[in-house]
Amino acid sequence: MNLLRLFVNGFLIGIANIIPGMSGGTLALVLGIYERLISSLRNIGLQTIKRLLGIFTFKKNAIDTFYVELRRIDFGFLMILGVGAAAAVLASTELIVYLLDSQHDATYGFFFGLVLTSILIPVRMLRGFGWRELLILLVSGTLIVFIEEMKKNAAGGASVTGDSLEMSIGTLAIFFGCGAIAISAMILPGVSGSFLLLAFGIYFPLLTTIKEFMEGIPTIFRGEISQLFFNNFLTLVVFALGCLLGLLAFTRLLNYLLDRYRNLTISFLIGLMVGSLYGLWPFRNTLKVGDKSYDTSHLLPQLDMNLLVTVCVFLIGCGVILGFSRLEKETG
């Protein structure tokens with residue numbers, strides 16, 4: 001496959017993964033590279049790590065053996081695809097953070113439309129729906145609402161929507177675990193990994209961390225490394241390690257659950273999506289503390305221009321998912 005085309009495919013998948021409600025796995029299906037992607041990822045395992053570590057033993061033929069392993073896992077394909085996806089994340093992060101700061105209600109309205117409409121995708125994947133599926137759906141949906149309320153209580157009645165989280169071992173553990181779960185979801189058709197980050201409350205802090213990290217890179221060349229830059233770097237490294245664990249372990253677990261308990265697993269994911277709508281409600285009381293913005297209680301919208309704009313972008317979000325779904329059907 002042409003390298004430029006593969007890079008563009010990775011860029012498009014990266015865009016899909018960073019937008020809540022859009023599935024990178026679905027877009028990989030649309031682009032015709034899903035089977036190759038899954039095959040390559042499934043080939044990565046302990047053997048790959050063992051042969052990588054073998055290079056440092058300085059044994060004869062260790063490098064040749066590792067090159068053979070790279071070809072077995074189709075490393076060139078994964079690397080170019082990954083570089084394209086990473087470029088998409090870096091290119092779009094600052095825009096999303098800007099929109100969250102300057103157009104709060106409209107941006108949330110767009111995300112609300114994306115997630116609400118994308119619920120139709122896993123619903124179509126269900127093979128029947130009974131009381132067990134309903135119970136799992138209600139439990140997972142309630143869990144997300146409970147987490148949202150806990151975040152408010154932990155912040156003294158407010159939840160940070162566009163700011164970075166305080167650095168701590170617990171915060172790093174959350175980023176690690178969420179990275180592992182989200183990367184697993186990102187490669188499943190119909191499931192949005194970014195919506196899981198959103199549901200667990202680290203989507204916006206992660207975007208802010210990436211933005212601040214990129215802004216701090218020029219200071220390295222001046223010989224200056226601030227505590228904020230180091231914290232952001234550490235957070236992103238921990239998140240990346242979580243993603244690596246997800247690729248090596250959770251992907252297999254998630255595939256196992258879908259094979260053995262397909263309906264219950266999909267119902268759980270649907271419940272997460274439904275519950276995340278509570279945290280995505282655009283109209284909120286906002287509290288300003290210095291340069292930080294906090295969302296407090298939910299509000300009913302007022303009949304004004306803000307409502308009109310929010311409804312319009314909500315409908316655009318719905319249309320994006322419907323068009324995306326239709327394209328998948330036509331190419332699948």
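## Close-ups of a predicted model

View 1. Side chains of opposite charge can pair when their charged atoms come close. Start with Glu-69 and Arg-72, whose side chains meet at 2.7 Å, N to O. Both sit in helix α5, three residues apart, which is about one turn of the helix. The other link runs from Glu-69 to Arg-51, with the closest N and O atoms 3.3 Å apart. That one reaches between distant parts of the chain: Glu-69 is in helix α5 (residues 62-72), Arg-51 is in helix α4 (residues 46-54), and 18 residues separate them.

View 2. Glu-215 is partly exposed at 43% relative accessibility, and Lys-211 is partly exposed at 22%. The model's count of salt bridges comes to three.

**View 3. Phe-111 and Tyr-203 form an edge-to-face pair.** A pair of aromatic rings is described by the distance of the centres and the angle of the planes. Here the centres are 6.0 Å apart and the planes are at 85 degrees; angles over 60 count as edge-to-face, so the pair gets that label. The partners come from distant parts of the chain, 92 residues apart: Phe-111 belongs to helix α7 (residues 104-118) and Tyr-203 to helix α12 (residues 203-220). Both Phe-111 and Tyr-203 are buried.

**View 4. Phe-213 and Phe-229 are a stacked pair.** Their ring centres lie 5.1 Å apart with the planes at 15 degrees, and planes under 30 degrees apart count as stacked, so that is the class. Phe-213 is in helix α12 and Phe-229 is in helix α13 (residues 227-260), so the pair ties together parts that are 16 residues apart in sequence. Phe-213 is buried at 17% relative accessible area, and Phe-229 is buried at 8%.

**View 5. Four rings gather in one aromatic cluster.** Its members are Phe-112, Trp-281, Phe-283 and Phe-314. For the model, the count of aromatic pairs comes to eight.

**View 6. Helix α1 packs on helix α6.** Two packed helices are described by the angle between their axes and the distance between the axes. Which numbers describe the packing of α1 (residues 3-18) and α6 (residues 75-102)? The angle is about 45 degrees, and the axes are 6 Å apart. With that angle, α1 and α6 are therefore oblique to each other. Their crossing is right-handed. Sorted by class, the contact of α1 with α6 has 17 nonpolar residues, six polar ones and no charged ones.

Methods: Residues are numbered from 1 along each chain as its sequence is written. This is a predicted model: local features need pLDDT of at least 70, side-chain atom pairs count only at pLDDT 80 or more; totals for chains, interfaces and linings use all residues. Side-chain values use heavy atoms; hydrogens and water are left out. Axes are lines fitted to C-alpha atoms, for helices over the stretch in contact, and angles run from 0 to 180 degrees between N-to-C directions. Helices (H or I, at least four residues) and strands (E, at least two) are DSSP runs, numbered from the N terminus. Angles under 35 degrees count as roughly parallel, over 145 as roughly antiparallel, 65 to 115 as roughly perpendicular and the rest as oblique. A crossing is left-handed if the near helix is turned anticlockwise from the far one by less than a right angle, and right-handed if clockwise. Ala, Val, Leu, Ile, Met, Phe, Trp, Tyr, Cys and Pro count as nonpolar, Asp, Glu, Lys and Arg as charged, and the others, Gly among them, as polar. Rings of Phe, Tyr and Trp (its six-membered ring) pair if their centres lie within 6.5 Å; planes under 30 degrees apart count as stacked, over 60 as edge-to-face and the rest as tilted. Buried means under 20% relative accessible area, exposed over 50%, partly exposed in between (1.4 Å probe, protein chains only). A salt bridge is a side-chain nitrogen of Lys or Arg within 4 Å of a carboxyl oxygen of Asp or Glu.
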